[in-house]
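Please read it beside the coordinates.

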Amino acid sequence: MMSYIALLADFVGNKVSIDQFECEFLLQFKSETRVLPATVFDLLNQIFYAVDAYCPDPKLRNTDDLSETELRAICSSLLTQLKQVELV
């Protein structure tokens, strides 16, 4: 299992597809057993909600949904923040 930082970096850097990122992140986050620091959990939870808001079809997307570009931008910002709190 990849670290969250590695997974996010690969997604933001276009090394993994959005489908692969979504599947891996959700699997990892939902099965997390470690007690994470509150700051880290909050950042990961923000990613969880962003992934949940992602809608690949522009015809089905409403104002609360995110495009792939928007999701990548959010993940990029949150990746920077995760690196600052030094999540392993």
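## Aromatic pairs

In this predicted model, Phe41 counts as partly exposed, at 41% relative accessibility, whereas Phe29 is buried, with a relative accessible area of 12%. Seven aromatic pairs are found in the structure. Among them, Phe11 and Phe21 form a stacked pair, with 4.2 Å from centre to centre and 10° between the planes. Because Phe11 lies in helix α1 and Phe21 in helix α2, this pair ties together parts that are ten residues apart in sequence, and both Phe11 and Phe21 are buried.

Phe29 and Phe41 also form a stacked pair, at 5.8 Å centre to centre and with 25° between the planes. Phe29 belongs to helix α2 and Phe41 to helix α3, so the pair links parts that are twelve residues apart in sequence. One aromatic cluster is formed by Tyr4, Phe11, Phe21, Phe25, Phe29, Phe41, Phe48 and Tyr49.

## Helix α1 and its cover

Within helix α1, which spans residues 4-12, the residues Tyr4, Ile5, Leu7, Leu8, Asp10 and Phe11 are buried. The cover over the buried residues of α1 includes α2 (18-30), α3 (38-53) and α4 (68-84). After α1 comes Asn14, whose phi is positive, near 60°.

## Cysteines

A search of the whole structure finds zero disulfides. Cys23 is in no disulfide, its nearest cysteine sulfur being that of Cys75, 15 Å away, and this distance is too far for a bond. Cys23 is exposed, with a relative accessible area of 54%, while Cys75 counts as buried at 0% relative accessibility.

Definitions and conventions: Residues numbered from 1 in each chain as written. Predicted model: local features only at pLDDT ≥ 70, side-chain atom pairs only at ≥ 80, totals over all residues. Heavy atoms only, no water. Disulfide = S-S within 2.5 Å. Buried < 20%, exposed > 50% of the residue type's maximum accessible area, 1.4 Å probe, protein only. Helix = DSSP H or I, 4+ residues; strand = E, 2+ residues; numbered from the N terminus. Contact = heavy atoms within 4.5 Å. Phe/Tyr/Trp six-rings, centres within 6.5 Å; stacked < 30°, edge-to-face > 60°.
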